[in-house]
Amino acid sequence: MSGKRTVTVTLDGSNKSTTLPLLSGTLGPDVFDIRKMYNDIGVFTFDPGYGITASCDSKITFIDGDEGVLLYRGYPIEQLAEKSTFLEVCYLLLNGDLPSPQEFRNFEAGVMRHNMLHEQIRQFYNGFRRDAHPMAVMCGVIGALSAFYHDSLDVNDPESRRISAFRLIAKVPTIAAWAYKYNIGQPFMYPKNGYSYAENFLYMFHAVPPEDYKMNPVLARAMDLIMILHADHEQNASTSTVRLAGSTGANPFACIAAGVASLWGPAHGGANEAVLKMLTEIGHVKNIPAFLEDVKDRNNHAKLMGFGHRVYKNYDPRAKIIQKACHDVLAELGIKDDPLLDLAMELEKIALNDKYFVDRKLYPNVDFYSGIILKAMGFPTSMFTALFAVSRTVGWVSQWKEMMEDPGQRIGRPRQIYTGAPQRDYVPIAQRA
Ligand code: SDX
């Protein structure tokens, strides 16, 4: 970060003022560093939801919400989606640059060496009800990994951080696939290391012991693409959760379990599941106008799920890529027209011409189409957010690693504006009315 310019804040009605450095990053808005403001003029800042608050200095992902730009370590998401693979993107996010062929082979071998789960972890699944939501299972099992890897819980040891990163990235597909198998009462499938990361997930999810599994390269490519698009996204709610948990020195498995819990919410990663439920409830194009009137009715709490974003005030670039992939997957599956996709595209067209959405700069986000492609690929809606968690684990781990390697790292501890009761004395109950 650099900067010679400053911002001066003066408290009117007092002689107090402070001069704050204005810092510039590589891309994006400048920030003014407020760290000394309270000591100088005795006031806090107030930004509920952290809409314009930079919580950290990061080199991993850049988003330009107005222009609809998303870069992973400087590379445009459109180029990575077209030319890279999820495992290569994992290396990029974790290490900062694209790998050489040898670096990639070593990285892939490292991930493949850790994709099995300790056999006792299988017992955890038996403790859940058969209809347990996969996100409940992922929260529980990922958090429980910290009970199995005492050799890599020292967050201040680079080697412990390295092996924990491998273990988390490698095991989450197995954990998610087994959650589904447990739901449907089928045997768990173990990873096969001849497959790519995405292929392995499809295999563990769809294969059954009595039959040889036939990998569909188009679906495998679509899976890999979906994972790339969901891998990281700057300081979103779940990543900020992981950073805050990690800032206390909590072990990485506990931090990622916290990220899974945060992602589950329908305003965040749970939106893809909510979009499918919304489209199913709308049911037909003729019902779109009435639905949108409900959304616009202030007394209603209906949201157009899959629309809107805290940062993107333009089209989410990931939504465009997924919409195109939808058509490719449906064509591959011989689905001439998918009523849900047709409905979604009509809903998008109407909403993008509706003043309510245009005035609020509400565009489709990554979740608007992802559910449609996942449903076409045979995933139940209950698995959609779990798939998001599988893909986002590398982003969470990369952001956690960046924070732990920052020599200036300190525990996160926001303040508040207190609007409760002024100090008052206790009144014994016998004296109360
Ligand atoms: C993800 O942060 C990330 O990067 C997240 C993510 C990632 O990769 O990690 O991109 C993944 O979470 C994508 C978002 C998925 N969520 C949804 O699709 C749920 C529907 N969207 C909304 O809940 C909402 O748009 C949010 C939560 C995504 C953003 O909320 P903000 O930034 O707090 O926006 P806001 O609530 O201040 O909205 C501004 C206005 C409000 O209207 P007014 O009060 O000004 O009249 O827009 C309205 C909101 O009511 N609005 C919507 C709407 N989203 C916002 N109205 C109808 N439908 C919507 N979807």
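**Reading a predicted protein–ligand model**

Modeller: Start with the ligand: sorted by class, its shell holds ten nonpolar, seven polar and seven charged residues. The model is predicted.

Biologist: How many residues surround the ligand, and which are the closest?

Modeller: The ligand is surrounded by 24 residues. H233, H309, R310, R318 and R392 are the closest of them.

Biologist: Which polar side-chain atom lies 2.9 Å from an oxygen atom of the ligand?

Modeller: That atom belongs to H268. To read such a pair, note which part of the residue takes part. For R392, an N or O atom in the side chain is 2.8 Å from a ligand oxygen. For G306, a polar backbone atom is 2.8 Å from an oxygen atom of the ligand.

Biologist: How much of the ligand's accessible area does the protein cover?

Modeller: On its own the ligand has 1100 Å² of accessible area, and the protein covers 76% of that.

Biologist: Now the chain as a whole. How many helices and strands does the protein chain have?

Modeller: The protein chain has 18 helices and six strands. Its radius of gyration is 24 Å, close to the 22 Å that the globule rule gives for 433 residues, so the chain is as compact as a globular protein of that length. The C-alpha trace spans about 80 × 65 × 60 Å along its principal axes.

Biologist: What share of the residues of the protein chain count as buried?

Modeller: Of the 433 residues, 47% count as buried.

Biologist: Next, the cysteines. How many disulfides does a search of the whole structure find?

Modeller: First the general idea: a disulfide is a covalent bond between the sulfur atoms of two cysteines. The search of the whole structure finds zero.

Biologist: What joins the side chains of E402 and S58?

Modeller: A polar contact of 2.6 Å. The side chain of E402 makes another such contact with the side chain of R243, at 2.7 Å.

Biologist: Where does Q102 lie, and is it buried or partly exposed?

Modeller: Q102 lies in helix α4, residues 101-112. Q102 is partly exposed, with a relative accessible area of 40%. Its side chain makes a polar contact of 2.9 Å with the side chain of R105.

Biologist: Backbone angles next. What is phi of Y50 near?

Modeller: Phi of Y50 is near 55°, a positive value in a residue other than glycine. Y50 is in the loop between α1 (37-41) and β4 (61-64). At 53% relative accessibility, Y50 counts as exposed.

Biologist: Where is K361 found, and what is its phi near?

Modeller: K361 is found in the loop between α16 (355-359) and α17 (366-376). Phi of K361 is near 55°, a positive value in a residue that is not glycine. K361 counts as partly exposed, at 43% relative accessibility.

Biologist: Last, sequence against space. How many residues apart are K375 and E273 in sequence, and how far apart are they in space?

Modeller: Read the two separations side by side. K375 and E273 are 102 residues apart in sequence and 10.0 Å apart in space, C-alpha to C-alpha. K375 lies in helix α17 and counts as partly exposed, at 45% relative accessibility.

Biologist: How far apart in space are I282 and R161?

Modeller: From C-alpha to C-alpha, I282 and R161 are 46 Å apart, with 121 residues as their separation in sequence. I282 is in helix α12, residues 271-282, and is buried, with a relative accessible area of 5%.

Note on methods: Residues numbered from 1 in each chain as written. Predicted model: local features only at pLDDT ≥ 70, side-chain atom pairs only at ≥ 80, totals over all residues. Heavy atoms only, no water. Near = heavy atom within 4 Å. Polar contact = N/O pair within 3.5 Å; in protein donor to acceptor, adjacent residues only side chain to side chain. Areas by Shrake-Rupley, 256 points an atom, 1.4 Å probe, with all protein chains shown as cover. Nonpolar A, V, L, I, M, F, W, Y, C, P; charged D, E, K, R; others polar. Disulfide = S-S within 2.5 Å. Helix = DSSP H or I, 4+ residues; strand = E, 2+ residues; numbered from the N terminus. Rg over C-alpha atoms; globule rule 2.2 N^0.38 Å. Buried < 20%, exposed > 50% of the residue type's maximum accessible area, 1.4 Å probe, protein only.
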